[in-house]
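Biologist: I'm new to this one and would like to learn how to read it. Could you walk me through a few features?

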Amino acid sequence: MTMNQPSPMSAPAGVPISPPQRKPRRKLPRNASLLIGLVLTALFLAIALISFFYLPSNPNIPVIRNRLLPAGTPGHWLGTDVLGRDIIAQLMVGARTSILVGAGGATFSLILGTIAGLAAAASGKITDEAISRGSDILLAIPGMVTALVLAATMGSGALTTILALTAFFTPSFTRVIRSAAMGVLNEDFITAAKLYGRGKIFVLARHVLPNIAGVMIVQFTLYFAAGILTEAGLSYLGVGVHRPSISWGLMLNEAQQQVGVSSPLAIWPGFAIVLMVLGLNLLGDGLRDVLDPKLARRAS
Amino acid sequence: MAIYVLRKLVFFLGAIFIASLAIFLLIRGAGGNVAAVVLGKGATPEAINALAHTYGLDQPLAVQYFDWVGNMLSGDLGRSFRTNERVSDLVTARLSVSIPLALSGLILGLLIAIPVGTYAARNVGTPSGAILALVSQIGVAVPVFWAGILLSLLFGVRLGWLPTGGWTDWSVSIWGAIRSLVLPVLSLGLIMAAVLIRYVRSAVLDVMNQDYLRTARAVGMTRTEALLKVGLRNASLPLVTIVGLQIAELIGGTVIIETVFSLPGLSRMMLANVAAREVIVVQSTVMLIIIFVIAVNLLVDLLYGILDPRVRSSR
């Protein structure tokens, strides 16, 4: 799919124009993924925002007479859990957690990865070797294991989860940023800037960063999605977020205790995760086609 | 080739050293008196000191680190504070659950992903190719534990064909053990497949556009023949890499799936020991897992060298 002609929007200012494309393939609605991704992501962002102002009921206070209401009950359209807490209210607060933790982890690792990646690309062979081998080693440590260890030593919670995600994602960001920056650093205009007497930092900030911004945005989106999945997994295991914070993973954990009693409880939070992650992944793929045609071709 | 292997071996050892340092500092650096936490409230200072002394926890961190590494090198992974069981025994007891689970999950994932990914690559742009791309896109977004919960709802609760969780040991009944592994392996394999399909598809697409494939067709091979005889070896390179990278992912998935189906595997042992602050157990188990992952990556690199002569000379 991603081998089609880039759309007319494919070269915004500051992004290097890709070499001519190979043979055009048949037209699929190529920006469909961008559109669907954008809609889904905006939807969840809106839900998370609304949850600060309006919730159908308190998602943490048990109301025993309302326990296990079926979906469609007026006032509790998706039903209630075993303690009578409204599912919609919990899902809304869960969106908040997912976005906070996912975006938090992606942001911190983006910052650290960009610093390390640029340093590796722009400095001498020894620094580059050290940073590259270092991230290779960190990549070999399973993220789930890192997160478990962190939770064991620091106690679990949203902040620990963000830290774990940062530790987990930074090496991959470093790699991607390094290779993108290397590509830009080989361009003629960089040589020109250097000849003009521009310092290393200036060149990186003024010329390299804007040219890899597309890659950064795409990677941010994809790791945002990965962060949501990991957070859900950790909270499901009981080493992520816990009440009074609510996470979709936590809801699934609680629901599984009652599988067989009320299976719909195990459906909704899962759907929320899938839709949000799918939305972000589609958005990332769509943005890649638009912002980063080179990478898009390689990925297809 | 010898230099290539040597270089990879040096990296392997260096990686293990750095990882061991990182793990040690992470776990011990968090501070707190380990012995006091292990013994809980109400422990006398004498008891705390005695435990700390027995396990060398009163030594400087550097000494503790070298003791730990030295012991590991001689095959002693340490003992649990509470039960005094050997960590190596704790680990091996769990492997009969975790290894079959992870390995079958990976194999199932590959068995699905290779044909489906190849099919998707050969049908790029057609409706069936687009549907496959969409399905794997959705599959990637499904958390592995949700897949597990849904499968156990369907096959365990609704249909009652398979247990929803729990473990029958191999020694009790081989059939029972297999039955308790079916749904976990299925969940793990399906999710792995969704991820792998995308890689297979792009690897095959890449190969299909190469000149050597056209040459193979020109000398009279059919499309399938050319793909199998010439394409497969070339496409296997990125695939081997991906499988290597997915090992870490696979272990993460296994951790969660063991919890979903209450399997007494390595990760549940880890979770329990994390909660109990059994630092030695956690530290050594984590280190074993990391050594395993790095070793798989070493094997992948070596395999890469065998599969592709260019790699040997260029690195």
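Biologist: How many C-beta neighbours does B:Phe81 have, and does it count as buried or exposed?

Modeller: A residue is buried if 20 or more other C-beta atoms, placed from the backbone, lie within 10 Å of its own, exposed if 12 or fewer, and partly exposed in between. B:Phe81 has 22 such neighbours inside 10 Å, so it counts as buried. You'll find B:Phe81 in the loop between α4 (61-73) and α5 of chain B; helices here are DSSP runs (H or I, at least four residues), and strands are too (E, at least two), numbered from the N terminus. Before we go on: this is a predicted model, where local features need pLDDT of at least 70, side-chain atom pairs count only at pLDDT 80 or more, and totals for chains, interfaces and linings use all residues. Residues are numbered from 1 along each chain as its sequence is written, while chains are lettered from A and ligands numbered from 1 in the order in which they are written.

Biologist: How do I read a pair of packed helices, say α5(B) and α10(B)?

Modeller: Two packed helices are described by the angle between their axes and the distance between the axes. Axes are lines fitted to C-alpha atoms, for helices over the stretch in contact, and angles run from 0 to 180 degrees between N-to-C directions. Here, α5 (residues 87-122) of chain B meets α10(B) at about 125 degrees, the axes being 10 Å apart. That makes the pair oblique, as angles under 35 degrees count as roughly parallel, over 145 as roughly antiparallel, 65 to 115 as roughly perpendicular and the rest as oblique.

Biologist: Which residues make that contact?

Modeller: Contact means C-beta atoms, placed from the backbone, within 7 Å. From α5(B) come B:Ser98, B:Leu101, B:Ala102, B:Gly105 and B:Leu106, and from α10(B) come B:Leu250, B:Ile251, B:Gly253, B:Thr254 and B:Ile257.

Biologist: And where do the two chains touch?

Modeller: Chain B brings 41 residues to that contact and chain A brings 37. On the chain B side, α12(B) gives the largest share, seven residues.

Biologist: What about helix α8 of chain A: how many of its residues are buried?

Modeller: Nine of the 10 residues in α8(A) (residues 248-257) are buried, so the helix is largely enclosed by the rest of the structure. Among those buried are A:Trp248, A:Leu250 and A:Glu254. The cover includes α2 (87-122), α7 (200-237) and α9 (268-291) of chain A, together with α7 of chain B.

Notes. Two residues are in contact if their C-beta atoms, placed from the backbone, lie within 7 Å.
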